[in-house]
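Subject: Structure for your review

Dear colleague,

Please find below the structure I am handing over to you.

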Amino acid sequence: MKVEQSQLTGESQAVLKDSNVIAARGDSVIQDKHNTLFSSTTVSSGACIGVVCRTGMQTEIGIIQSRVQEAAEDEEQTPLQQKLDEFGNVLAKIIGVVCVLVWLINYKNFFDPKHGSVIRGCIYYFKIAVALAVAAIPEGLPAVITTCLALGTRQMAKRHAIVRKLPSVETLGCTTVICSDKTGTLTTNEMVVVKLVLPGDGGATRTCEIEGHTYTPVGEVKGLTIDWSKDAGLKAFCRTGALCNESRLLINDEGKFTRNGEPTEAAIRVLVEKLGCPDTALDGRCRQAADQSPFGGRGGKEKHYQGVEVEKEYEWT
């Protein structure tokens, strides 16, 4: 059987699983455990009978979750916070030294008769030194920094960069290199066909642009007029793409099309759905622009048909 475990390892292709015994090693990684199925992974093909050995937080995905929770509890200070702490410590030392110097400079004034006694004179100038320390502390600094960060977040939002946590902006200001995995991070983690190259007359080829960037089987194939009675090659291609295909298109609770199976096979199935069906009656009933099909697909599964909640699956014959 084959399993997609990209949630744990980041592998883009399905991994072959078997029941062969592996050597027991303390440093075994997930990729070496070819006889183990992991929680949160998806079976793309095949079937098996298994024995549950770990559940909950003891699974691999549970271990990752526990580490994430530990990291969240033990958050390090951002570079800006560290610099502010350093600035605060230095400023406190400077203010303390200045206050002591001001207090000592007025030593002769401690004996001024107008204070009544030396102790009262000492306390009087000590109050002056404390007032000077309070006045020297920049009380508006946190408000100024927060305002600057908010303005920076606003500028980022205009460029379609949304930040959920303000400390992330603080860290981003000191970032020089960003490492990112493109699959599912910079993309939608969906594979679709955007160009179709077909043989033309005289050995030439023609390229057709295909609309749509999701698994929803809705999109125009630009520059292509299909005549199923004459184009036997395209008909054979569509028949092969539909029948020799282990993927399935599903509709989740939110009405969004998702795949079950290999991404490449799902992309080919979506392409076949967009091209249509040689059965005139079936193609006319399930065309993309059909009013009775709220999901606009040719074939696949529908949850509603002509106002009646049904489950229909159209296949090539």
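F110 is buried, because its relative accessibility of 6% falls under the 20% cut-off. This value, like the others in this message, comes from a predicted model.

The ring of F110 is paired with that of Y107 in an edge-to-face arrangement, with 5.7 Å from centre to centre and 70° between the planes. Y107 itself is partly exposed, at 48% relative accessibility. Y107 also pairs with F111: the ring centres are 5.5 Å apart and the planes stand at 85°, so this pair is edge-to-face as well. F111, at 46% relative accessibility, is partly exposed. Y107 therefore takes part in two edge-to-face pairs, one with F110 and one with F111, whose planes meet the ring of Y107 at an angle over the 60 degrees required.

These residues belong to a wider group. W103, Y107, F110, F111, Y124 and Y125 make up one aromatic cluster, and the structure has 5 aromatic pairs in total.

I also looked at the cysteines. How many disulfides does the structure hold? The count is 0. A disulfide is a covalent bond joining the sulfur atoms of two cysteines. Regarding individual cysteines, C53 is exposed, as its relative accessible area of 66% is over 50%. C208, in contrast, is buried, with a relative accessible area of 1%.

With kind regards

Definitions and conventions: Residues are numbered from 1 along each chain as its sequence is written. This is a predicted model: local features need pLDDT of at least 70, side-chain atom pairs count only at pLDDT 80 or more; totals for chains, interfaces and linings use all residues. Side-chain values use heavy atoms; hydrogens and water are left out. Rings of Phe, Tyr and Trp (its six-membered ring) pair if their centres lie within 6.5 Å; planes under 30 degrees apart count as stacked, over 60 as edge-to-face and the rest as tilted. Buried means under 20% relative accessible area, exposed over 50%, partly exposed in between (1.4 Å probe, protein chains only). A disulfide is a pair of cysteine sulfur atoms within 2.5 Å.
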